[in-house]
Amino acid sequence: MQDGRLISGDDGNSPDSDVVLPANTWLKVEISSNDGATVLRIDSDDLLSPFRLDRRFDLPWRLLTGDMVFGTSTANDVRLLNAKFSTISLQTAAGRIAWTFPTLLPRGPLASTGTDRVLFLETVNQPAFCMTSRRWDGSSFDPRLVPSHYDAVHCHDDDMEALQWPASYQLQVPAEAPAGVYAFEVGHDEGSERIVFFITSSERRAPLLFLVPTATYLAYADEFLPAHLYEWMCEDRGHRFAIDNNLKSLYDYHSDLSGVSICSTRKPKATLRDDYKYPLCGCPHNLPVDLHFLRFCHNNDIAFDLITDRDLHELGLAGLQEYQAVITGSHPEYMSVEMEHALRQFAAAGGSIAYLGGNGFAGKVAFQDDLMELRRSPLEAGRTWDGPIAEQSLSITNQPGGYLRASGRGEFSLTGVAISLMGFDGARPFTRTPESRQPSAAWLFDGVTSETFGDEGIVLGGAAGYEVDATDPHLGTSPDTMVIARATGFPDSFVHDATRWYEGGDRERDERRCAEMTLRHLPSGGLIFCASSVAWCGALPAGDAMNDVGRITRNLLTHLALEKSGPAPDR
């Protein structure tokens, strides 16, 4: 097929160039032999616009001697097909041989059923599994209840699986190497590139544990940011590399406009760099902001161990149990159910969480080997591609995708805050609230002499910016959550989160154009601090300098490094 038109597999000619196959409807395709000729029959499922094609071609019918290929040519010399495939079968002298696509992502080729002879079907370049098939009738959105409704695979002409490049160099990490963020530096004629990797802590050496948000790094890596949708505020060579090589991120869409839902760690991550700048805001984002925070810790003798969120996914609570507190990076947006549950267990057992970012604990992801999967919720419409609710279930787990919040988990019930505003213009400072002077919160502000703080930083020039969080009691903020600082006065370019509803209408919505820093003392003896801004870590001072954002952060981390002090204090 080419642009919906049939072409000959032998010579590339188009015997039916006047016939365009219907799009967005299921077609039953049958190829058979009749009196030495090849017969093609195609029928559609669309009752309102029925389609039928019955053609006889003078093409010889040959016995299969090698691989049978769907969606491309054996020579890979034509553009691939964007299409869903459901049941595939062969009628042989021994009987019917068929393959059914599973709802769970397979780890290898699919075995046939129907005869004693087993043939294997292999999918190439990681298409999307657990997709609605021609049997889906809208009666259920859960593939675990109606697996026969989700036995399809969606192939795209720009799918890309792990590249399987052979290793050029190998390094044995010394056992005594401290945990941290490292990079291989590769020189070339025009300079060098640093390829980032992480060394995690194998044993407890410090009371604080930094949780590296690699799931967020993966989701954003190699984002296209097409010019017709976004204005670039700066250039970045990584984004240009991604565009030139068609890499695509989980924020992008395929050429048929369906969303990219799965990615591999075994592909280049051209935007995962310490010198990266995000074109939408013209400033550092994700890894370089988190590195800015870690340098602040080193400069202020704040000891920490390090774990990636993928480690947390595998280890669960056991990866956290030895520590007093877990510290997040600037934007821990994506988490698996296992990660979020481990953090919840940790806090319930007396541990503390220092959430030093914004828009965190929001999107649900799943992992399998080198793969991470993300299915977008229709609630995210306008921010990125919008997946149909019928195809929101993850193929790795078959659990619903979308927001953790939609599964009874996530931001509000864990931290008490969630994204309220997003914008790429000037960030705002925070101002203390009267509640911040309560004895249970005042220690955070020791040495802070100004009521307002955070009017400078490497992310949009302030402490509250890019994406900021706020409380919402009717969405799950606990009544014992203290709002200790608030940022207001955001530019009109900052947009409200589309998932929030305000009973008071526009007036109440305008009053809630804010970021809210919070503190909650837990009955278990731990606490949860929320900076509630992606820009917070970027407002920390560099080198030997100090500012109020640095004093608050240092007070917090010093306090958390101490032994647990028992139940929540009186306010």
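Colleague: Where is the place of Tyr 502?

Modeller: Tyr 502 sits in the loop between β29 (495-496) and α8 (505-511). Helices (H or I, at least four residues) and strands (E, at least two) are DSSP runs, numbered from the N terminus. Please note that this is a predicted model, in which local features need pLDDT of at least 70, side-chain atom pairs count only at pLDDT 80 or more, and totals for chains, interfaces and linings use all residues. Residues are numbered from 1 along each chain as its sequence is written, and side-chain values use heavy atoms, with hydrogens and water left out.

Colleague: Is Tyr 502 buried or exposed?

Modeller: Tyr 502 is buried, because its relative accessible area is 6%; buried means under 20% relative accessible area, exposed over 50%, and partly exposed in between (1.4 Å probe, protein chains only).

Colleague: What volume does the largest cavity have?

Modeller: The largest cavity has a volume of about 130 Å³. It is lined by 16 residues, of which Asp 159, Met 160, His 254, Val 260 and Ile 262 are the closest to its centre. By class, the lining has seven nonpolar, five polar and four charged residues. Here Ala, Val, Leu, Ile, Met, Phe, Trp, Tyr, Cys and Pro count as nonpolar, Asp, Glu, Lys and Arg as charged, and the others, Gly among them, as polar.

Colleague: Which residues line the second largest cavity?

Modeller: The lining includes Tyr 217, Tyr 220, Tyr 276, Tyr 278 and His 285. Two or more residues come from each of α1 (214-220) and α3 (287-299). The volume of the second largest cavity is about 90 Å³, and its lining divides into eight nonpolar, three polar and one charged.

Colleague: How much space lies in the second largest pocket?

Modeller: The second largest pocket holds about 1,800 Å³. Of its 38 lining residues, Ile 195, Val 196, Lys 267, Pro 268 and Lys 269 are the closest to its centre. β14 gives the most to this lining, with six residues. The lining is made up of 21 nonpolar, eight polar and nine charged residues.

Colleague: Now the strands. In what order do the three strands of the open sheet run?

Modeller: The order is β6-β12-β11, with antiparallel pairing; two strands pair if DSSP finds at least two bridges between them. β6 (83-85) and β11 (128-131) are the edge strands, each pairing on one side only. β11 and β12 (residues 152-155) pair over two bridges, and Ala 128 stands opposite His 154 in β12.

Colleague: Which phi value does Asn 359 have?

Modeller: Asn 359 has a positive phi of about 45° although it is not a glycine. Most residues other than glycine have a negative phi. Asn 359 is found in the loop between β20 (352-355) and β21 (363-364), and counts as buried because its relative accessibility is 2%. Tyr 466 also has a positive phi, near 70°, and lies in strand β27 (residues 464-471).

Colleague: Lastly, which residues of α5 are buried?

Modeller: In α5, they are Val 337, Met 339, Glu 340, Ala 342, Leu 343, Phe 346 and Ala 347. α5 is followed by Gly 350, whose phi is positive, near 110°.

Key:
On a 1 Å grid over the protein atoms alone, a cavity is a set of points where a 1.4 Å probe fits but cannot get out, and a pocket is an open set with protein on both sides within 12 Å along at least five of seven lines; lining residues have an atom within 4 Å of a point. Grid points are joined across faces, edges and corners, and a volume is the space filled by probe spheres set on the points.
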